[in-house]
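Please go through the model below with attention to its chain contacts, its domains and one of its strands.

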Amino acid sequence: MQLEVNIARKAFTNAAGERHDVLVDFNFALGAGEVGVFVGPSGCGKSTLLKILVGLDHDYSGRVVRPADARIGMVFQEPRLLPWRSVEENVRLAAPQADDARLSMLFAVLELNAHRNHFPGELSLGLARRVALARAFAVEPDLLILDEPLASLDDTLAGRLRDEIATLVDSRSVTTLLVTHSIDDAIRLGDRVFLLSPRPARILAEQPIRTPRNARSQAEIAAIRADIEHVINGDRAKRIGI
Amino acid sequence: MLRVLSFAVFLATWWIAALFAGGEKLPAPPAVLAAIVAAAESGALFINLGVTLARVALAFTLAMTLGTAIGYLMGRVRLANRLGDPWLILLLNLPALVVIVLAYIWAGLTEVAAIAAIAINKLPTAVVTVREGTRALDASLDEMARVFAIPPWKAFRHVILPQLAPYIAAAARSGLSLVWKIVLVAELLGRSNGVGFEIGVAFQLFDIPRLLAYSLTFVAVVLAIETALVQPFEARLSRWRPRAA
């Protein structure tokens with residue numbers, strides 16, 4: 001499915017009654033099966049953007065165009081599993097239509113087979129994230145939203161999970177929006193990387209990456225990284241007025 | 001083992017106290033046992049216990065159902081809370097006796113009046129507890145359910161209800177102990193059967209063995225229901241919680 005986003009303005013009113021802009025003139029579109037990655041500093045408004053996209057927040061001016069019946073799979077920053085349901089029940093509750101073969105495939109890729117009957121309270125954060133990923137993929141989403149799925153995991157674990165996400169995304173080309181503050185993750189997972197400014201968030205630049213995900217060389221990643229850092233530093237210099 | 005020992009100490013204390021006080025005021029255990037057997041043989045014990053239990057069951061179910069629904073509504077909808085709060089404070093502080101007497105005056109000495117009066121006494125505590133539980137609901141799980149388009153009834157059953165369960169269990173637990181106490185007063189004042197009525201008759205006749213016979217069997221039934229129904233239910237509700245090491 002295609003996603004077209006034109007948010008003219010999204011603001012919050014704080015307790016003192018002052019309005020703060022979170023998103024201003026925020027426009028982008030994603031084609032079917034594209035993986036868009038948003039990279040930006042914490043607190044820039046990424047999570048607010050995601051809430052608007054999935055329909056949890058309607059209080060903004062502008063429009064989001066996506067099929068009304070689009071199935072959404074989402075991985076929140078925290079796993080948000082039901083503590084009183086087992087791993088498998090958590091996935092099945094969100095995805096009642098998923099057949100056993102698909103669940104088996106997901107549990108195998110995400111290395112969750114040994115944990116099917118565990119309760120979330122018995123899982124580490126890394127495992128709980130995997131369950132959240134399994135749940136998001138199990139609904140066979142038209143739109144996949146990943147909100148910092150690799151945050152607060154150690155490097156080895158994050159690297160493995162990143163590869164698993166790449167495998168799953170490629171196995172069934174699904175329009176995906178990933179939010180991260182790691183430039184590395186962005187370059188390894190994205191088809192297009194959007195750089196965001198600090199709040200109120202604007203898109204500073206867009207970096208397309210045409211090499212397939214599994215063929216990206218270290219050299220290429222380093223080169224793109226340098227470009228991206230150049231843009232970010234340029235914006236920072238402009239804002240502080242050097 | 002400890003429970004048996006503690007029960008034995010209770011019996012012994014009672015027996016010794018009976019010796020000092022004399023059988024007139026405090027009959028010894030055998031006299032009370034004889035009264036229990038006599039009441040059981042005539043069948044009156046079971047009929048009265050059954051009638052009282054039926055009233056408890058009806059009033060309890062009514063109060064819990066209504067209380068949970070109202071509490072959930074007041075926890076979710078601010079307007080409902082504003083409208084309901086003064087009523088809640090009124091009911092919470094209204095003495096049980098007043099409710100029972102008014103119910104009998106307005107609805108006559110009927111079964112409906114008795115059960116309604118008991119239910120009204122229990123209702124506000126259930127409302128308050130469930131309201132607190134509703135306010136403590138995890139909004140992030142609500143968002144999850146909405147994003148994944150889990151149908152509302154299913155979300156209520158699997159996302160909301162398990163979060164409310166400890167509150168509902170607490171309301172049930174405290175509510176049940178309240179209902180046990182109030183049902184006897186209601187029966188004493190306006191019914192012609194049930195444990196409360198029998199205790200009232202025993203009081204008027206100064207028939208202390210009969211009074212104790214009904215009181216003790218009633219307490220035994222309450223204990224049995226607590227251990228056989230309430231405690232296993234609570235254990236089942238919390239089986240997913242990881243136990244602290």
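## Chain contact

Chain A places 17 residues in contact with 14 residues of chain B (contact: C-beta atoms, placed from the backbone, within 7 Å). On the side of chain A that touches chain B, β5 (72-75) and α2 (87-94) each supply at least two residues. Helices (H or I, at least four residues) and strands (E, at least two) are DSSP runs, numbered from the N terminus. That side of chain A has twelve nonpolar, one polar and four charged residues. Ala, Val, Leu, Ile, Met, Phe, Trp, Tyr, Cys and Pro count as nonpolar, Asp, Glu, Lys and Arg as charged, and the others, Gly among them, as polar.

## Basis

This is a predicted model: local features need pLDDT of at least 70, side-chain atom pairs count only at pLDDT 80 or more, and totals for chains, interfaces and linings use all residues. Residues are numbered from 1 along each chain as its sequence is written, with chains lettered from A and ligands numbered from 1 in the order in which they are written.

## Domains of chain A

Chain A splits into domain 1 (3-70 + 142-240) and domain 2 (81-141); the bounds come from an automatic or database domain assignment. Their centres, taken over C-alpha atoms, are 25 Å apart. Domain 1 of chain A gives 13 residues to the contact, and domain 2 of chain A gives ten. On the domain 1 side, the largest share, six residues, comes from α5(A).

## Strand β8

β8(A) (residues 192-196) pairs with β3(A) (residues 35-39) in the parallel sense, over four bridges (pairing: at least two DSSP bridges). Val39(A) has Leu195(A) as its bridge partner. β8(A) also runs antiparallel to β9(A) (residues 203-208), with five bridges. Six residues lie between β8(A) and β9(A) in this hairpin.

Conventions: Two residues are in contact if their C-beta atoms, placed from the backbone, lie within 7 Å.
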